[in-house]
Amino acid sequence: MTTVGVLGAGVMGTGVAQNLAQTGHRVVLIDLSPHILEHALAQIEREARMSRLLGGPAVDVPSVLSAITTGTEPDLLAEADFVIENITEDWDRKRRLYPTLDRACPPGTIYVVNTSAIPITKVASVTSRPEQVIGVHFMNPVPMKEAVELIPGYHTSARTIQRTRALLTAMGKKAIEVKDSCGFVSNRVLMLTVNEAAYLVYEGVASAETVDEVFRSCFGHPMGPLETADLIGVDTILYSVEVLYQEFADSKYRPCPLLRQMTDAGLHGRKTGKGFYSYDEYGRAIRAADRAVAA
């Protein structure tokens, strides 16, 4: 049984931990705050119980929860075969983290960088094992999405790619390999779309509802770009666009001021209850589903 460390118990890290536990892996979930870890376990339990209602497989909830160990210390990664890092898209935080992982993890541990924008070669440059660093861009919600972007860095070895592909296959994921470039494929396109959609609202050209309706009705998208922003997290969208702007020094990636204002105001989307849309009704639906499953 593979042991996988998961760093960061936010939306993405929680989803990654759940997906791993549901597919027979031992998981060590680490975050700075015990409170965040408690919230993450509660979220995993709820999502696992609701899996069939959401169109997923039936899940053995006690087995999933028993497969996850939580803690705040990197020393818990002493037996990790892989570490999947999911912290905020903040280069200074990532740069400080990886030397700590080098000290805590055994020599064979592979570092999987779950990033939507930061180049993998850049991350590998601050480790003592660049050949064992690889990017995997998971999509949200992780347990429900069947594909990921797989991003080898300049030094990533063939063995690291092979082992990571095997892990992803065991998780039920199709790995689509792309080149190491800021934003990769999905976010070079998606973040521009979301950012420009935010500008339409900011400039008063259209409401969020109108923007999303155009994409759903005219193009057949299941979700509009601003609904997608709320799902991913408005703060995460902002950080990703900022990384693109910094890396390419191209004005087309200029962050919309509305994204920054919403982030500062705590309007981060579904995870905070309000973003471009209000999720009070969404929260009531979740609680009703919880009661239905419990019954």
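The centres of domain 1 and domain 2, taken over C-alpha atoms, are 25 Å apart. This is a predicted model, where local features need pLDDT of at least 70, side-chain atom pairs count only at pLDDT 80 or more, and totals for chains, interfaces and linings use all residues. Residues are numbered from 1 along each chain as its sequence is written, and side-chain values use heavy atoms, with hydrogens and water left out.

Me: Which residues does the domain assignment give to domain 1 and domain 2?
Reply: The bounds come from an automatic or database domain assignment. Domain 1 is 3-177 and domain 2 is 187-288.

Me: What area do domain 1 and domain 2 bury between them?
Reply: Buried area is the accessible area (1.4 Å probe) that two parts lose on being put together, summed over both. Carbon and sulfur atoms carry 64% of it. The total is about 940 Å².

Me: Which residue forms a salt bridge with Lys-122?
Reply: A salt bridge needs a side-chain nitrogen of Lys or Arg within 4 Å of a carboxyl oxygen of Asp or Glu. Here the closest N and O atoms are 3.0 Å apart. The partner is Glu-247.

Me: Is Thr-127 buried or exposed?
Reply: Buried means under 20% relative accessible area, exposed over 50%, partly exposed in between (1.4 Å probe, protein chains only). Thr-127 has a relative accessible area of 12%, so Thr-127 is buried.

Me: Which backbone nitrogen does the side chain of Thr-127 reach?
Reply: The side chain of Thr-127 also reaches the backbone oxygen of Ala-124, at 3.0 Å. The nitrogen lies at 3.2 Å and belongs to Arg-129.

Terms used: A polar contact is a pair of N or O atoms within 3.5 Å; within protein, one must be able to donate a hydrogen and the other to accept it, and residues adjacent in sequence count only if both atoms are side-chain atoms.
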